[in-house]
Amino acid sequence: MKKTTSDIGMNKTGIGTSPIDSADITKAAQERQPSHLGDDTLILKVRQQYALESGGVGSVPPPSSLKGVAKTAVDMLKGSKPTVFIDKLGERAAFERTGTRLYQGALAKFEVLGSWEGGPTREGLERILNDELSHFGLVTEALVKLGADPTAMTPCADVAAVSSMGLPAVVSDPRMNLRDTLHALLVAELTDNAGWEMLIELARGLGHDELADRFQMALDAEAQHLAMVRGWLSAGVTLEARANPVPQAEATNAPTPLV
Amino acid sequence: MALDIFQEKGVPLDRQVFTWKDLVRRPYSKLDDDAFTRVCVIYMNGIMADALRTKHAIARMNRGLREQLAIVRRIEQFEQTLINWLNPADQTPLETTLGFEQVAIEVTASVALREPDPYLAQTYRFGLLEDFDHLYRYGALYDRLEGKDPNNITQSYTDIIPGRPTSVEHRYPVDDLRRPYDKRTAHPLTKIHAMSITAAENQTHDYYMTVGPFFPDPAARQLYAEIAAIEEQHTSMYESLLDPDESILEKLVLHEAMQVYNFYSCLAYEKNPRIKEIWQRFTDYELGQLHHVIQLFQAAEGRDAREILPATLPDPIGFKEHREFVRKTLNQEEDLASNGPDYVRMSELPRDHRSFVYRDQLNSEGSPSETVAAGYQWTPGTELAARAQRMGSVLAGKKVH
């Protein structure tokens, strides 16, 4: 397996590969008119039509214990919708479980390819792997405590998995090296951090302060994961480019919503 | 040098063996390998899928041949696996689809140019213009769904422009049937061509039927539904060219010879040594299978296989661009339609012709192929590149938003 990522080779995807053929097909495309009028918004209109007819991807299962049934009933009497919390907990549990598999894959690549200066260490990767696994355990316990079935795939868990479908694809592809794999892990950690932040906000908003306190510890660990993965990846890219390491770039202004 | 299929005995069946590691190899590179390497892989997967399909169909209707069919078919299962598993995982179903249509265009064009029978050549040109349009529709979908350039896959070999519009390709079932070649008088190349293109189109159909539901976008799901329907028509059309009066063993011998010819064609083309070695190996395997089936044929029918096979294989398929031929065909035959097995100009058919009624019904709630490609003109780097360019330079402008 190649350790480097950005080498010059025989990439044939661009028009520069064959300037004569490219000029010829470009001219032919300009000369031949589309067979039907309209533009790229017609696809979106079909999507809108189906969206109006859609019933969603599925639902949150009913509580699996009597305690859960009772708690759900009480919450509903108070006017809140407890299934939202269950749905988001299901999402977090699923994401952390998949995350554990991602780090197993990263470790396997680390073992066969080695690392680089400022790159991932075995201890670092193993630590994150164990953190992910314990976070999965934490959310599973929370679900059981709330009387929910922790083995169910909730709608938000499904959406999160579809959103990150490419992550296991990168990690498990032997043609993609450890640096490529860190890119996938970076996407995972960015999402994971925001996911925990919002879960804590939701827990506090629903009065689950005890859970929120435990979740805060998970978020603290996730923030470290993100910094580690970003640092490893940045070092790898900088090293391969033989560029000088420089301080981390940040947005000039504090983020304010665009209106 | 032409391959003498009677002289070359290939590898005996008992030495045609595999391991799981051998079957699952390093795939070709979507980025670095030539588009025609992908074309050969997709095409030969189709050929081998048909080898299995044909033998299964025969086994269901023939008691005596079951054992021999099972033995050869198992090897073909593994040949197909090794070939199909050369497709890389970073090549999405839509990208592979663009590859399927490039096969349908360039291989059919090569076949149409060499086909000795003018009626069959006309049929290949007729189907070619329809598959040519499919590449344009899928290309538009690829650009508009994922923001990617279909020419990354087709590599400037093949035009991405409208052909005979897909929306008018829908025909009443019997208008897809053609007159078969005559097994007694047809040139062997005619038989090989008809079997090859039938195989390729049948696999295209099966592929679209498999991957269509993987798409979340309803316009994409509709487009796959629509083009899969055309591939079903094409499979019906091309298979109707085959003489149904050939005996089963005659068909089996011809099918094996067809496989040898196609592997030999890929071998003649391929420049990637890792892939070329596979085409050499399977050319030798198929020669072994051909001779095995020839023995069955000669023992059962008391006929010499030389009566039905050419002594040497014809020139290999031209795995290359055929833009000039395709453009000329488009210019002259875009408005062709079929009335039963006969080709006519679309304007010659009455407005209430069964195929028009049929197609109007299907399109009455909108046409997916018109929707996805409305106003689409392929341009290098996607239609967004053209749109971004019209915004003026951002790099040299005052502010980046």
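This is a predicted model: local features need pLDDT of at least 70, side-chain atom pairs count only at pLDDT 80 or more; totals for chains, interfaces and linings use all residues.
Visitor: Let's start where the chains meet. How many residues of chain A are in contact with chain B?

Guide: 30 residues of chain A are in contact with 46 residues of chain B.

Visitor: And how much area do they bury between them?

Guide: About 3200 Å², with 56% of it on carbon and sulfur atoms. On the chain A side, Ile25(A), Arg32(A) and Ile43(A) supply 21% of the area buried against chain B, more than any other three residues.

Visitor: What about charges? How many salt bridges are there between chain A and chain B?

Guide: Seven salt bridges. One pairs Arg387(B) with Asp40(A), and their closest N and O atoms are 2.9 Å apart. For polar contacts, the count across the interface is 22 residue pairs.

Visitor: Which helices of chain A supply at least two residues to the side that touches chain B?

Guide: Helix H1 (19-31) and helix H2 (41-53) of chain A each do that. H1(A) gives the most, with eight residues.

Visitor: OK, over to chain B. Which residues of helix H11 are buried?

Guide: In H11(B), residues 323-333, the buried ones are Arg323(B), Phe325(B), Val326(B), Thr329(B), Leu330(B) and Glu333(B).

Visitor: Where do those buried residues fall, seen down the axis of H11(B)?

Guide: They fall within an arc of 165°, so they line one face of the helix. The face turned away from that buried side carries the exposed residues Glu324(B) and Asn331(B).

Visitor: What do the buried residues of H11(B) pack against?

Guide: Elements from both chains. From chain A there is H1, and from chain B there are helix H4 (93-114), helix H5 (118-146), strand S1 (336-339) and strand S2 (342-345).

Visitor: How many salt bridges does the whole structure have?

Guide: A search over all chains finds 47.

Visitor: Show me one inside a helix. How are Arg127(A) and Asp131(A) placed in helix H5 of chain A?

Guide: They sit four residues apart in H5(A), residues 122-145, which means they are separated by about one helical turn.

Visitor: Is Asp131(A) buried or exposed?

Guide: Asp131(A) is buried, because its relative accessible area is 15% and the cut-off for buried is under 20%. Arg127(A) counts as partly exposed, at 33% relative accessibility.

Visitor: What else is Arg179(A) in contact with, leaving aside neighbours within four places in sequence?

Guide: Besides Glu240(A), Arg179(A) is in contact with Thr5(A), Ser6(A), Trp116(A), Leu233(A), Gly236(A) and Val237(A).

Visitor: What does Arg164(B) meet in a salt bridge over in chain B?

Guide: Glu130(B), with their side chains 3.1 Å apart, N to O. Arg164(B) lies in the loop between helix H6 (151-154) and helix H7 (188-211) of chain B, while Glu130(B) belongs to helix H5 of chain B, 34 residues apart. Both of them are buried.

Visitor: Last topic, Leu69(B). Where is Leu69(B) found?

Guide: In helix H3 of chain B, residues 66-84. Leu69(B) counts as buried, at 3% relative accessibility.

Visitor: Which residues does Leu69(B) touch, not counting those up to four places away in sequence?

Guide: Lys55(B), Ile58(B), Ala59(B) and Leu252(B).

Note on methods
Residues are numbered from 1 along each chain as its sequence is written. Chains are lettered from A and ligands numbered from 1 in the order in which they are written. Side-chain values use heavy atoms; hydrogens and water are left out. Contact means heavy atoms within 4.5 Å. Buried area is the accessible area (1.4 Å probe) that two parts lose on being put together, summed over both. A salt bridge is a side-chain nitrogen of Lys or Arg within 4 Å of a carboxyl oxygen of Asp or Glu. A polar contact is a pair of N or O atoms within 3.5 Å; within protein, one must be able to donate a hydrogen and the other to accept it, and residues adjacent in sequence count only if both atoms are side-chain atoms. Buried means under 20% relative accessible area, exposed over 50%, partly exposed in between (1.4 Å probe, protein chains only). The arc is that of the directions from the helix axis to the C-beta atoms.
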